[in-house]
Amino acid sequence: MSKPYYITTPIFYVNDTPHIGHAYTSLACDVLARFKRLDGFEVAFLTGTDEHGQKVAKSAAAAGVDPQAFTDKVSQHFRDMGTALGLTNTDFIRTTEPRHKRACQALWNRLVERGEVYLGRYAGWYATSDEAFYQESELTTNAAGKKIAPSGSVCEWMEEPSYFFRLSVWGERLLAFYDAHPDFILPSTRRNEVVSFVKSGLEDLSISRTALTWGVPVPDAPEHVMYVWLDALTNYLTALGYPDENADRFRTFWPADLHLMGKDILRFHAVYWPAFLMAAGLPVPQRIFAHGWWTNEGRKISKSLGNVIDPLELISTYGLDPVRYFLMREVPFGQDGDFSHAAMVRRLNSDLANDLGNLAQRALVLVQRFVEGRVPTPGPLTEADRALLDPAEALLATVREALDAQAFHKALEAVWSVIADANRYVDTQAPWTLRKTDPARLGTVLVALIDVLRRVGIVLQPFMPQTMGRLLDQLGVPVGEARTFAALALSASESLPPGTPLPPPQGLFPRVEEQKAEGRDQGSEG
Ligand code: ME8
């Protein structure tokens, strides 16, 4: 029986077109989902769109269309982005679906039954672009006299009847929970921010609006619609069949293993969400990870600045796998990152074309030229061979540990350290000389190289599925079991019997011309 693993992206607001930021979170989840599958887990991977609330209602009104028609159209753009990115999500949720309304209303009723909700009146600050309430003490005043949230969004004063969730009574229990689960919020710097926010004292949370009709109606009080964040967070339960807690999917996959998101929405996931769940008597997710923020050439990415980086355009310029690699490698996961085409070209040329691409090409060309295109028979291993093979054999464990901490960059660093070892090994072993001086030793060296490439190819599949598929084809590794992590337990001769014919090699990663970057970076500033 395989172990379950449930991973989610945020559900994205349909007021915007998908950009590099949305692609980033989605790709990180996809890498983890693919990794866990190859590692023998049964994976549920959820993404989707957040379609209610004032922000979406305003965008629909501005576009002059009915909100449902508007969300139908924009939600499709996010699905299309997923297809272009090669996402392997197992579900795509839209919060305007009937299954979701049912789940939200059931969760609401549960909170009411448990005495967690009361009717009152909200009077305070609200930022529509964040769909968030702010306390006066968090705000600053800009030159025009407007109140500004820490996110930079403009706040408006709002007063209306509202249902409240008794968040104020959950502070101590949240702190005790964070204490007992030190890895619940990662990275730890972000965890500290959340802890101090909770320690500063929580106020009850307004969870319904009357000034708005675009939302899930509150049961028995249809003049209220639910606060969009209560509605949105519930999506993680809806997709598993909630409120049917006996549904197979729910029993198998709840609580989630990982909710992954940007740092902008950590508070909702790390404070409100566990409080709602605890209040409803439901288990709390295992981990909330908040990654950093991408800027474009040092500037905030926004439609109004006209500097949005379109993932589809990146893919058509550089190819899908290089884009996937760059985003997971360039910035230590958790930190902020600045995008530039120059950095992209540099990295693709050095890591992919030079290091990995060259290694594969060198080794496979030698096999064609010197041993008739067949896997040779290895002889006894030397110290130099072990120095190459030991870290390559340990790679899966190293990568697994890094990915279990969402350290994508560390996982890739470990793989590239093996690739660098292998390139040095080719230089020091000089197989072109061995051909004449010691043909038996040549066989050993080539088999060691093929085995390192096989290991690298298998471990990198979650990051670059298409290209690593092609590499494994060229190494004669059959599709299926032989490409899963279980196959990494096999030795070189168990996995690729001597005599196996290998097809003529084809380059994996073409070099990107430097000119591709030139002009683009300036161009995106305009
Ligand atoms: O917040 N850099 O949706 P949203 C990195 N609907 N990541 C970025 C980014 C950037 N510049 N811009 C966006 C919402 N993201 C809610 C979520 S979940 C129950 C509800 C990514 O469309 C990042 O994952 O504003 C961020 O958290 C998310 O998009 C915000 O998406």
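Guide: Start at T25: an N or O atom in the side chain of T25 is 2.6 Å from an oxygen atom of the ligand. Keep in mind that this is a predicted model.

Visitor: OK. What lies 2.7 Å from a nitrogen atom of the ligand?

Guide: That is a polar side-chain atom of D50. A polar backbone atom of I11 is also in the picture, 2.8 Å from a nitrogen atom of the ligand.

Visitor: How much of the ligand's accessible area does the protein cover?

Guide: On its own the ligand has 680 Å² of accessible area, and the protein covers 94% of that.

Visitor: And how many residues surround the ligand?

Guide: There are 23, and the closest are I11, Y13, T25, D50 and D264. Sorted by class, the shell has twelve nonpolar, nine polar and two charged residues.

Visitor: Which element gives the largest share of that shell?

Guide: β1 does, with four residues. The elements that contribute two or more residues are β1 (4-13), α1 (20-38), α7 (228-233), α8 (235-238) and β14 (258-262).

Visitor: Changing topic to helix packing. At what angle do α4 and α10 pack?

Guide: The angle between helix α4 (residues 98-113) and helix α10 (residues 266-280) is about 65°, and their axes are 9 Å apart. That angle makes α4 roughly perpendicular to α10. The crossing of α4 past α10 is left-handed.

Visitor: What about α1 and α15, how do their axes cross?

Guide: They cross at roughly 135°, and the axes of α1 and helix α15 (residues 395-404) come within 11 Å.

Visitor: Why are those two called oblique?

Guide: Angles of 65 to 115 degrees count as roughly perpendicular and those over 145 as roughly antiparallel, and at roughly 135° α1 and α15 are therefore oblique to each other. α1 passes α15 in a left-handed crossing.

Visitor: Now the backbone. Is the peptide bond from L186 to P187 cis or trans?

Guide: It is cis, with omega near -10°. P187 sits in the loop between β9 (185-186) and α6 (188-199). Y242 and P243 are joined by a cis peptide bond as well, with omega about 10°. The loop between α8 and α9 (248-253) holds P243.

Visitor: Last one: what is phi of D220?

Guide: Phi of D220 is near 65°, a positive value in a residue other than glycine. You will find D220 in the loop between β12 (217-218) and β13 (221-226).

Technical notes: Residues numbered from 1 in each chain as written. Predicted model: local features only at pLDDT ≥ 70, side-chain atom pairs only at ≥ 80, totals over all residues. Heavy atoms only, no water. Near = heavy atom within 4 Å. Polar contact = N/O pair within 3.5 Å; in protein donor to acceptor, adjacent residues only side chain to side chain. Areas by Shrake-Rupley, 256 points an atom, 1.4 Å probe, with all protein chains shown as cover. Nonpolar A, V, L, I, M, F, W, Y, C, P; charged D, E, K, R; others polar. Axes fitted to C-alpha atoms, helices over the stretch in contact; angles between N-to-C directions. Parallel < 35°, antiparallel > 145°, perpendicular 65-115°, else oblique. Left-handed = near helix turned anticlockwise from the far one by under 90°.
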